[in-house]
Amino acid sequence: MEKWSRFNYQPCLPLGKEGARVTGCREHIELSRKAAGEGMVLLKNEGSLLPFCKGQKLAVFGKAAVDYVKGGGGSGDVTVAYTRNLMEGLRIKEQEGKVEVFWPAAGYYEKEIQAQYAKGYCPGMTLEPEVPEELLGQARAFTDTAVVTICRYSGEGWDRKSIADKAFAGGDQSLARLSASIFENGDFCLTEAEKQMVEKVKKTFPYVAVVLNVGGMIDTSWFKEDKSLSAVLMAWQGGIEGGLAAADILCGDVNPSGKLTDTFAQTLEDYPSSEGFHESLDYVNYEEDVYVGYRYFESFSQAKAKVIYPFGYGLSYTEFEICTKNISVENDQVRVKAEVTNLGLRPGKEVVQVYYSAPQGKLGKPALELGAFQKTRLLAAGETQTMILTFSVSDMASFDDLGKVSKSAYVLEGGSYSFYVGNSAENLEKWREDWVLNGDRIVSQLTSKSAPYKLPKRLTGDGSYEMLPEREQIQEPLGLPKQDMDRLEGMEPADRGYGQMLREEIEKSGKHMLSEVAEGKITLDTFMEQLSDEDLAHLLGGQPNTGVANTYGMGNLREYGIPNVMTADGPAGLRIRPQCRVYTTAWPCATMLACTWNTELVEQVGAAGASEVKENNIGIWLTPAMNIHRSPLCGRNFEYYSEDPLVAGKMGAAMVRGIQSQHVAASVKHFACNNKESNRKDSDSRVSERALREIYLKGFEIVVKESDPWTIMSSYNLVNGHRASESWDLLTGILREEWGFKGIVTTDWWTRGEHYKEAKAGNDIKMGCGYPDRLLMAMERELITREEIAICARRILEMILKLAH
Ligand code: BGC
């Protein structure tokens with residue numbers, strides 16, 4: 001079969017059975033709905049208001065009932081044929097005879113929202129209209145039960161804000177201003193208009209359920225203790241069928257089994273990252289160190305008191321009992337045997353979570369860390385499942401960056417290691433026996449990499465701050481004329497003009513073709529010998545779009561038979577040029593996928609999403625995104641999985657396995673510490689080596705070691721004074737030499753890094769376009785060698801060879 005035929009020829013041949021297209025197909029949409037159903041988290045259900053009884057009469061309030069947010073904005077957006085909002089979901093349930101809806105309220109919101117769209121308000125960023133008293137009265141005459149719904153939208157290039165508008169420095173100012181005007185005094189918190197709407201509904205209806213259509217952490221204090229708001233469903237941003245998936249849960253067709261992958265605290269200020277989040281445009285000091293999320297809240301009693309909904313939490317319509325049968329430590333493996341029994345009357349799923357607590361020792365440790373998790377199958381009423389969960393003893397090691405035990409080593413400090421099993425970071429049972437380690441054990445001796453220069457202090461295990469040494473950073477001379485950074489932004493890759501050459505002409509030229517390498521006729525070394533310096537420099541940059549793609553390609557040396565392999569975003573679906581009118585499946589946002597705690601399901605989503613990528617002749621899917629939810633304010637949290645690196649790593653690995661099962665390259669992004677959007681291209685994330693390795697890099701490490709991603713995307717930001725894309729420590733030292741990464745590293749699109757420095761650091765390709773002229777100039781000035789450029793080019797060709805089938 002002709003190699004790379006999908007990339008070389010444009011007809012997007014359907015991949016489905018009997019010539020059907022898989023892109024946006026019914027099966028994928030059903031899978032998206034299923035994943036959404038499993039990721040929704042039931043936060044509250046007093047008096048078992050949910051699920052609604054058959055025939056329940058309902059009135060729905062809040063513009064989010066129709067202004068549905070399927071996912072966040074920016075490169076993670078997806079062009080879909082439709083989205084189903086909550087009202088449309090409930091309409092289907094009404095047709096099935098499950099509920100009866102008071103439609104005039106829906107009609108009112110529809111009219112209001114359409115009028116706002118006509119004025120230019122974007123979906124998800126409309127204003128909450130005032131509920132007319134008359135409508136409320138009519139609705140109350142219809143029913144005693146109301147649903148209140150709230151939505152939030154955020155996106156790439158700007159961060160979220162709290163009550164006080166101190167955010168929005170840097171980033172996309174127009175979006176930021178738009179958002180600021182819309183959210184008036186709310187985003188994390190409710191706006192005044194939303195508060196009034198909730199108040200009115202509460203006063204009018206004895207029974208009120210809340211549905212939250214949001215992509216990240218928000219204030220939950222307004223309903224936690226409020227008796228008049230009996231039930232709350234965290235419905236997230238659920239993709240194309242999110243409204244129907246929420247209706248499935250409200251009506252009891254699906255039993256909720258999602259669990260939070262973040263800690264929900266009382267106020268934004270309760271998160272240790274909030275104070276310094278907007279301190280500067282130039283840097284962020286990660287002073288809370290490894291105490292991120294539940295690692296912070298569970299470690300300090302004043303913080304623990306601030307938790308409203310803990311990490312791992314989520315209710316079900318049934319009750320489960322988790323009974324730990326045994327925990328043993330043998331051959332350096334912790335093995336947990338637990339039985340989960342469904343004690344209630346409905347079938348449901350539960351998540352078993354195993355945490356450990358390492359001795360405080362000299363380094364100090366979080367009180368709890370997740371060691372393993374596993375979701376049950378759908379358990380019938382009364383059914384029991386035996387679960388075996390394992391993790392390695394070395395997973396409990398800490399990185400000693402200051403040499404308190406052994407400098408730059410992962411160490412297990414001597415003492416007692418306790419284990420806890422349960423279904424949230426707060427609902428745990430301590431196992432009766434600890435594992436005792438006599439004396440300290442060095443798990444792996446590494447070297448110092450990406451150490452901070454200017455992080456003044458960090459939080460320690462006893463709640464005090466430790467002062468950190470300041471190092472002087474010496475700026476290396478560039479060696480080239482300075483480039484005009486603003487000019488680079490959004491620049492299109494230039495075509496070398498070989499695209500039009502006929503295949504026959506190319507073959508006649510007597511050159512070796514890449515297909516000869518794919519067919520095992522010649523080695524890649526032989527193939528590469530014929531490439532000129534210009535050819536190599538060309539390969540190190542992005543290539544013009546073809547077909548439906550809008551994020552450019554890689555390769556594209558037609559005279560050597562190197563295809564132009566297109567990339568496309570993710571992660572919530574295949575994003576292509578909207579003008580093409582090819583509609584794809586919008587999957588639930590990444591946080592919601594993680595809240596399923598179901599790695600098999602996420603793998604299925606990865607495979608289905610990648611088959612759409614492949615059908616559209618695209619070879620590289622810029623998915624998954626897996627930065628840590630360090631702060632609720634990060635505008636792109638919806639694209640990321642969790643505050644916990646194990647959850648992020650396991651979800652990312654599942655996604656990559658699914659994607660690459662379709663012979664599509666996954667691109668794991670953004671490596672690393674892209675935890676803030678404002679000024680993301682120049683902001684310096686200052687973080688200790690310990691927090692870097694235990695929190696911010698750990699998820700990527702899991703993905704690399706468990707699922708062999710073919711590409712990784714470095715991030716825009718700086719990490720400890722060096723651009724991530726120019727960081728040898730991160731991209732070669734840690735990623736390749738320590739973890740054994742075999743794929744290519746791409747920059748994020750139009751980084752401000754210098755191309756030759758990126759290549760030398762191990763960043764193989766510069767996207768959206770490269771700067772071959774500057775690379776060649778750097779070569780002439782002996783700043784980079786042909787051999788160094790060839791190393792990157794070779795990796796790019798190896799990746800393209802993986803796509804030959
Ligand atoms: C985003 C990436 C994305 C790329 C291509 C960048 O702005 O940060 O996540 O993959 O654009 O669209």
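Glycine 768 sits in the loop between helix H24 (755-761) and helix H25 (772-780); helices here are DSSP runs of type H or I with at least four residues, strands are E runs of at least two, and both are numbered from the N terminus. Most residues other than glycine have a negative phi, and most peptide bonds are trans.

Before going on, a word about what you're looking at: this is a predicted model, where local features need pLDDT of at least 70 and side-chain atom pairs count only at pLDDT 80 or more, while totals for chains, interfaces and linings use all residues. Residues are numbered from 1 along each chain as its sequence is written, and side-chain values use heavy atoms, with hydrogens and water left out.

Another cis peptide bond joins glycine 570 and proline 571, with omega about 0°. You'll find proline 571 in the loop between strand S24 (562-569) and helix H18 (590-594).

Asparagine 679 isn't a glycine, yet its phi is positive, about 50°. It is found in the loop between strand S26 (665-671) and strand S27 (684-686). Is asparagine 679 buried or exposed? It counts as buried because its relative accessibility is 19%, and buried means under 20% relative accessible area, exposed over 50%, and partly exposed in between (1.4 Å probe, protein chains only). Glutamate 782 also isn't a glycine and has a positive phi, of about 60°. Its place is the loop between H25 and helix H26 (786-802). With a relative accessible area of 71%, glutamate 782 is exposed.

Next, go to tryptophan 4, in the segment before helix H1 (5-8). At 3% relative accessibility, this tryptophan counts as buried. What does tryptophan 4 touch? Leaving out residues up to four places away in sequence, its contacts (heavy atoms within 4.5 Å) include Leu514, Pro563, Ile800 and His805. With isoleucine 800, the backbone oxygen lies 2.9 Å from a polar atom of the tryptophan 4 side chain. Tryptophan 4 and glycine 619 are 615 residues apart in sequence, but their C-alpha atoms are 9.4 Å apart in space.

Finally, step back to the domains. The assignment, which is automatic or from a database, gives domain 1 (24-269) and domain 2 (316-467). Their C-alpha centres lie 34 Å apart, and 13 residues of domain 1 are in contact with 12 residues of domain 2. The area buried between domain 1 and domain 2 is about 930 Å², with carbon and sulfur atoms giving 44% of it; buried area is the accessible area (1.4 Å probe) that two parts lose on being put together, summed over both.

How many salt bridges run between domain 1 and domain 2? The count is three, where a salt bridge is a side-chain nitrogen of Lys or Arg within 4 Å of a carboxyl oxygen of Asp or Glu. Lysine 349 forms a salt bridge with glutamate 38, and their closest N and O atoms are 2.7 Å apart. On the side of domain 1 that touches domain 2, strand S1 (41-45) and helix H9 (242-250) each supply at least two residues.

Note on methods: Polar contact = N/O pair within 3.5 Å; in protein donor to acceptor, adjacent residues only side chain to side chain.
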